[in-house]
Amino acid sequence: MDRDTEVRNRDRFIELGLTIAAIRKKKGFSQEKLAEMAHISRSHLSSIEAPNIVRPFSIEVLYNIADALDMKAGDLLNTKFPNG
């Protein structure tokens, strides 16, 4: 994998993590609750949502998070929130 692709994917994982955090908060879920619903640990979810950590994760985890948020995984990938 070349460096440009790595950088682009790094930014995508960060953006996805921020999107997951924003939707989670909008739905009123704590990290603990969403992690439980998605069958992952709270620390795993925390690292996915953290803007200063690149935490690649599996498609299965993406599907689990999307299901817990009552969304389609593709919609989760395509949802964008303003930074901040």
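Helix 1 (3–26), helix 4 (59–68) and helix 5 (73–78) each put at least two residues into the lining of the largest pocket. Helices here are DSSP runs of H or I, at least four residues long, numbered from the N terminus. This is a predicted model, with local features needing pLDDT of at least 70 and side-chain atom pairs counting only at pLDDT 80 or more, while totals for chains, interfaces and linings use all residues. Residues are numbered from 1 along each chain as its sequence is written, and side-chain values use heavy atoms, leaving out hydrogens and water.

The largest pocket comes out at about 260 Å³. On a 1 Å grid over the protein atoms alone, a pocket is an open set of points with protein on both sides within 12 Å along at least five of seven lines, and lining residues have an atom within 4 Å of a point. Of the 14 lining residues, R12, F13, L16, L62 and L77 sit closest to the centre of the largest pocket.

Now for helix 4. Its V61, L62, N64, I65, A66 and A68 are buried (under 20% relative accessible area, 1.4 Å probe, protein chains only). After helix 4 comes D70, with a positive phi near 60 degrees.

Helix 4 also packs against helix 2 (residues 31–38), at an angle of about 115 degrees and with the axes 8 Å apart; axes are lines fitted to C-alpha atoms over the stretch in contact, and angles run from 0 to 180 degrees between N-to-C directions. L34, M37 and A38 of helix 2 meet N64, I65 and A68 of helix 4, where contact means heavy atoms within 4.5 Å.

Conventions
On a 1 Å grid over the protein atoms alone, a cavity is a set of points where a 1.4 Å probe fits but cannot get out, and a pocket is an open set with protein on both sides within 12 Å along at least five of seven lines; lining residues have an atom within 4 Å of a point. Grid points are joined across faces, edges and corners, and a volume is the space filled by probe spheres set on the points. Buried means under 20% relative accessible area, exposed over 50%, partly exposed in between (1.4 Å probe, protein chains only).
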